Amino acid sequence: MKLTVVDHPLVQHKLAIIRDKNTGNKEFRELMEEVTMLMAYEAMRDLELDPVTIETPLTTMTAHMLSGKKLAVVAILRAGLIMVDGILKLVPAAKVGHIGLYRDPNTLQPVEYYCKLPSDIAERRVFLTDPMLATAGSAVHALSILKAKGAHHIKLMSIIAAPEGIKRVQEAHPDVEIVVAAVDSHLNDHGYIVPGLGDAGDRIYGTK
């Protein structure tokens, strides 16, 4: 299974500011969206193009436009929402879905509490968003939900990933490509990515 690390200098610069504990909520949100947009350029590199005839101010020519393949962005609630707008700015016609999961305190397994997907999800290329790929419990479960609904062309987009999370997704869903901005060192005893950026949801929404 393919792992793509988008290590463009602009991405790494913005990621350094995102990681800084002194970065405020507003700037954090803006930069997360910007990094997602930059990542999406790479994640969508293999979108198909069709030739079209257009007229420039000087002549007629054959240009290329997206082939009309249907796209969908699916966010894992709540933190995955921050990545949706960055992608929609590039492909505003994409449909959006949401999967809500929480971790059962006893079993530590993800539990689905909400799922709303485009009715034609099986016909769409899907970009699943989850900013932090840590233990990957939520991502693996969300990918299983998407496949159960018929989706078969899925990419997982995470801004920061731990090796443990990558390994778990690769084992559970070897057909899914993972696109990240950075692969960090490890998970600590509490399941946080180190060095990471803390709790993405709390930093996005100003909660504790």
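I began with the second largest pocket, which is lined by 13 residues, with Leu66, Gly68, Lys69, Leu71 and Ala93 lying nearest its centre. A pocket here is an open set of points on a 1 Å grid over the protein atoms alone, where a 1.4 Å probe fits and protein lies on both sides within 12 Å along at least five of seven lines, and a lining residue has an atom within 4 Å of a point. I noted about 190 Å³ of space in the second largest pocket, a volume being the space filled by probe spheres set on the points, with grid points joined across faces, edges and corners. By class I found seven nonpolar, two polar and four charged residues in this lining, where Ala, Val, Leu, Ile, Met, Phe, Trp, Tyr, Cys and Pro count as nonpolar, Asp, Glu, Lys and Arg as charged, and the others, Gly among them, as polar.

I kept in mind that this is a predicted model, in which local features need pLDDT of at least 70 and side-chain atom pairs count only at pLDDT 80 or more, while totals for chains, interfaces and linings use all residues. Residues are numbered from 1 along each chain as its sequence is written, and side-chain values use heavy atoms, with hydrogens and water left out.

I then turned to the largest pocket, where about 950 Å³ of space lies. Of its 34 lining residues, Met132, Ala134, Thr135, Ser138 and Asp199 are the closest to the centre. Among the elements giving two or more residues to this lining are helix H4 (137-148), E12 and H6, while E5 gives the most, with three residues; helices (H or I, at least four residues) and strands (E, at least two) are DSSP runs numbered from the N terminus. The lining divides into 18 nonpolar, 11 polar and five charged residues.

Next I looked up the UniProt annotation "binding site", from an unreviewed entry, which covers Ile193, Gly198, Asp199 and Ala200. The lining of the largest pocket includes Ile193, Gly198, Asp199 and Ala200. I recorded that UniProt annotations may be inferred rather than shown by experiment.

I asked why Ile193 counts as buried. Ile193 does so because its relative accessibility is 7%, buried meaning under 20% relative accessible area (1.4 Å probe, protein chains only). Ile193 sits in strand E12 (residues 193-194), and beyond four places in sequence its contacts include Met132, Ile160, Asp184 and His186, contact meaning heavy atoms within 4.5 Å.

Lastly I checked Ala200, in helix H6 (residues 200-205), which is buried with a relative accessible area of 4%. Not counting residues up to four places away in sequence, Ala200 touches Phe28, Ala79, Pro131 and Met132.

Conventions: Buried means under 20% relative accessible area, exposed over 50%, partly exposed in between (1.4 Å probe, protein chains only).
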